[in-house]
Amino acid sequence: MWKLGQFNIEGKVVLAPMAGITSAGYRKYLNTFGVDVCVSEMVSDMGLIYQNKETESYVTYEKDETLTGVQLFGAKPENIAKAAAVSLTLNPCIDFFDVNMGCPVPKVTKTGAGSALMLNPTLCGEIIKAIKSVTDKPVTAKIRLGYNEVNFLDVIKELENSGVDAIAIHARTRKELYMGEPHFDLLKDLRSKMKVPLIVSGNIYTLDDAINALEITGADAVMVARGGMGNPFLIKQIKTYFETGERLPNPSFEEQCNYCLELAKSMCEEKGELTAMRIYRGIAPKFFSGFANSRTLRTILATSLTDYQSLVRILDEFKKENIKF
Ligand SMILES: Cc1cc2nc3c(=O)[nH]c(=O)nc-3n(C[C@H](O)[C@H](O)[C@H](O)COP(=O)(O)O)c2cc1C
């Protein structure tokens, strides 16, 4: 068990924030597989301050049984703190705040936000203090190994001294974006050097990836990001293993079809069918990798989805043709 502020967390699975993916509908469905803590997509502090309606929609989700945090991004402590206060007036159900200190996208870093914050560890700490001055909710930070230079230990020290409640680290630098192997070797035994809980992120695609990352780093939890897109059952595999030691087998093609349809339904309910299914062209094909002969299916899903019924039809056709996967 580990603690996120006043909350006791039993398991080891955190659902990562992913802009454009981890909307309330996505989280709601993936949470049913046993997520312990989840985080919203990143939310602009200035968007909240200027009352941008789309930005506001990211924080006005319904209460979920799973502990849910809002991830804010920005460059100035006073603005991020103001945005935290605004989001609580819009949605008092927010369980905690997370600060994005890892985003590598130039549109974000050129404003001084995201991973650019890691160039100034003191500022990272000031942001945590500023949010803490407007709310009693726990405040976490999500960092990388560094911007260009690896400096996560300096950043962690500042964050801890500023009262951060937990830290998630993506084991790549800003330069590495999302590519290549994450450097868990650089995080060896990191948890033993820290005062607050540690969550690790980077290429968690299988149960063994999770076991390995936790073993090397001593972290309290792993973050499931791209590995959960199209494979929500991974969450259950990790959860079950750490509860009982049992290794659940990978889902069958039939089961993947069901998961794919259920997630689509959850996203349609949230966003409306047309928007949800447009986004789903990027998600649905991921349910069918690793099955023999599923390349055609992936291509069709990526190009032909229009509405929910089209998804049902495509999957039915593949099943009816008795294509054995
Ligand atoms: C499409 C996409 C969007 C992402 N958006 C965010 C974000 O909004 N905030 C954040 O802190 N990290 C974001 N990330 C990073 C992930 O949370 C995670 O740390 C990263 O993908 C590494 O994990 P993985 O290799 O298992 O995917 C994003 C990643 C992807 C692929």
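Predicted model: local features only at pLDDT ≥ 70, side-chain atom pairs only at ≥ 80, totals over all residues.
In which sense, left-handed or right-handed, does α12 pass α13? Residues are numbered from 1 along each chain as its sequence is written.

**View 1. The shell around the ligand.** The ligand is surrounded by 23 residues (C-beta atom, placed from the backbone, within 6 Å). Ala 16, Met 18, Met 42, Ala 225 and Arg 226 are the closest. By type, the shell holds 11 nonpolar, 9 polar and 3 charged residues (Ala, Val, Leu, Ile, Met, Phe, Trp, Tyr, Cys and Pro count as nonpolar, Asp, Glu, Lys and Arg as charged, and the others, Gly among them, as polar).

**View 2. Where domain 1 touches domain 2.** Domain 1 spans 2-244 and domain 2 spans 253-320, with bounds from an automatic or database domain assignment. Between them, 10 residues of domain 1 are in contact with 12 residues of domain 2 (C-beta atoms, placed from the backbone, within 7 Å). The side of domain 1 that touches domain 2 divides into 6 nonpolar, 3 polar and 1 charged.

**View 3. Helices α12 and α13.** α12 passes α13 in a right-handed crossing (the near helix is turned clockwise from the far one by less than a right angle). Leu 297, Ile 300, Leu 301 and Ser 304 in α12 meet Ser 310, Ile 314 and Phe 318 in α13. This contact of α12 with α13 comprises 5 nonpolar, 2 polar and no charged residues.

Methods: Contact = placed C-beta atoms within 7 Å. Helix = DSSP H or I, 4+ residues; strand = E, 2+ residues; numbered from the N terminus.
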